[in-house]
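Colleague: I would like to go through this structure term by term. Please set each value against its cut-off before you conclude.

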Amino acid sequence: MTWEERWHPLREEWVIIAAHRQDRPWNGEILEHDHAELPGYLPDCYLCPGNTRISGKRNDDYSRTFVFDNDHPCVGDDAPANLKTPTGLYLNRPARGIARVVCYSPKHNLTLAELDVSEIENLLQVRREQYLDLSALSDINHVLIFENKGEAVGVSNPHPHCQIYATNFVFKTIETEARVSDRHYAETGRVLFQDILQAEHDDGRRIICESDSAVAFMPYFARYAYEVYVAPKRTHTSLTTLDQSEVRDFAETLRCLLVKLDNLWRLPFPYVMTLHQAPTNGVDHKGFHFHIEIHPPMRRPNLLKYLAGPEIGGGNFLSDTAPEEKAAELRVQSDVHYKEAALVSGD
Ligand SMILES: [Zn+2]
Ligand SMILES: [Zn+2]
């Protein structure tokens, strides 16, 4: 069995790997989820084109992507500025920001993995514009773009979409990554993430898909069974500086990875996907390397990773799977989506 701690260089913490050799990699069991066929349009979906949302606002009759301000934001631009001072050592400050929603497609029943490369490219373009737009506003120090997918992470509406929180504060994970990356750059003159890419390349076992300028891999220090990253090979602090061919390669690599995840259990793989881009707080984060992190909550088709004693109580992740084995499961998957394959073969 594997029983070791692995250093997570981006979070500066240890990940405990306790993988039993007897615990064989998943070997072909298919989860028979009752996936009722969803319609392409749903009259009462608040994200479908032309529908009226609960706020009374009406969605555009969009044909590709659609961006709107979240009707129920967790952060607002009108947060009260004069907060009551709490007692003793406690601190508070206003949580200001703008929350938006980006619909990926007018079709209710598609997922990101089923969009074609040009549609994903277009989505990356939209996200790039949002990052630029929002970061230019005063008092916006960070633009967090993320997608929650699947009921396993609490999403009841399958219409493909992501969310944007542009805030006056920098979210903790990005703040940590920016701090350790800046320090690594100052100390060594190198980009921390480039050192990670080099180590992954040299080992090779955890690389899942690759194109000329982008790579998808399961990091050595993965905390979740199917935790995977996608990154351009050249360093960019955000999506905004990738050239056209890099965006294309990135879209292709991301799509390849998502298709393999879906194919693993032949179901829309649930996950939290986050774009890690440099904070927009006026500091030049030279050492920051844009990437996407995908955290799926599932360990097996019917088994969630529960956060418990080690994670919640102790603060370190305990993984009972070896990243090399889990990456191997994904590497052998087809890069043709199972739904597409079924259509072609007439299943
Ligand atoms: Zn819909
Ligand atoms: Zn990251």
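This is a predicted model: local features need pLDDT of at least 70, side-chain atom pairs count only at pLDDT 80 or more; totals for chains, interfaces and linings use all residues.

Modeller: Residues are numbered from 1 along each chain as its sequence is written, chains are lettered from A and ligands numbered from 1 in the order in which they are written, and side-chain values use heavy atoms, with hydrogens and water left out.

Colleague: Which residues coordinate the zinc ion (ligand 1)?

Modeller: Donors are N, O and S atoms within 2.8 Å of the metal (3.2 Å for Na, K and Ca); water is not among the atoms, so sites may look incomplete. Cys45 (SG), Cys48 (SG), His108 (ND1) and His159 (ND1) coordinate this zinc ion at 2.0 to 2.3 Å. Their spacing in sequence is C-x2-C-x59-H-x50-H.

Colleague: What makes the arrangement around the zinc ion (ligand 1) tetrahedral?

Modeller: Four donors count as tetrahedral if all angles lie between 85 and 135 degrees. The four donor atoms here subtend angles of 103 to 116°, so the arrangement is tetrahedral.

Colleague: Why does Cys48 count as buried?

Modeller: Buried means under 20% relative accessible area, exposed over 50%, and partly exposed in between (1.4 Å probe, protein chains only). Cys48 has 0% relative accessibility, so Cys48 counts as buried. Cys45 is buried too, at 4%.

Colleague: How do you know that the span of helix 2 agrees with what it should be?

Modeller: The expected span is 1.5 Å times one less than the number of residues. For the 17 residues of helix 2 (residues 172–188) that gives 24 Å, and the end C-alpha atoms are 24 Å apart, which agrees. Helix 1 (residues 117–135) has 19 residues and should span 27 Å; its end C-alpha atoms are 27 Å apart, so helix 1 agrees as well.

Colleague: What do the buried residues of helix 2 pack against?

Modeller: They pack against strand 5 (142–149), helix 3 (192–203), strand 10 (271–276) and strand 11 (291–295), where contact means heavy atoms within 4.5 Å. The buried residues of helix 2 include Ile174, Ala178 and Val180.

Colleague: Why is the pair of Tyr226 and Trp265 called edge-to-face?

Modeller: Rings of Phe, Tyr and Trp (its six-membered ring) pair if their centres lie within 6.5 Å; planes under 30 degrees apart count as stacked, over 60 as edge-to-face and the rest as tilted. The centres of Tyr226 and Trp265 are 5.4 Å apart and their planes are at 85°, so the pair is edge-to-face. Both Tyr226 and Trp265 are buried.

Colleague: What makes the pair of Phe169 and Phe171 tilted?

Modeller: Their centres are 4.9 Å apart and their planes are at 55°, so the pair is tilted. Phe171 is partly exposed, with a relative accessible area of 25%.

Key: Helices (H or I, at least four residues) and strands (E, at least two) are DSSP runs, numbered from the N terminus. Four donors count as tetrahedral if all angles lie between 85 and 135 degrees; four count as square planar and six as octahedral if opposite donors are over 155 degrees apart and all others between 65 and 115; anything else is irregular.
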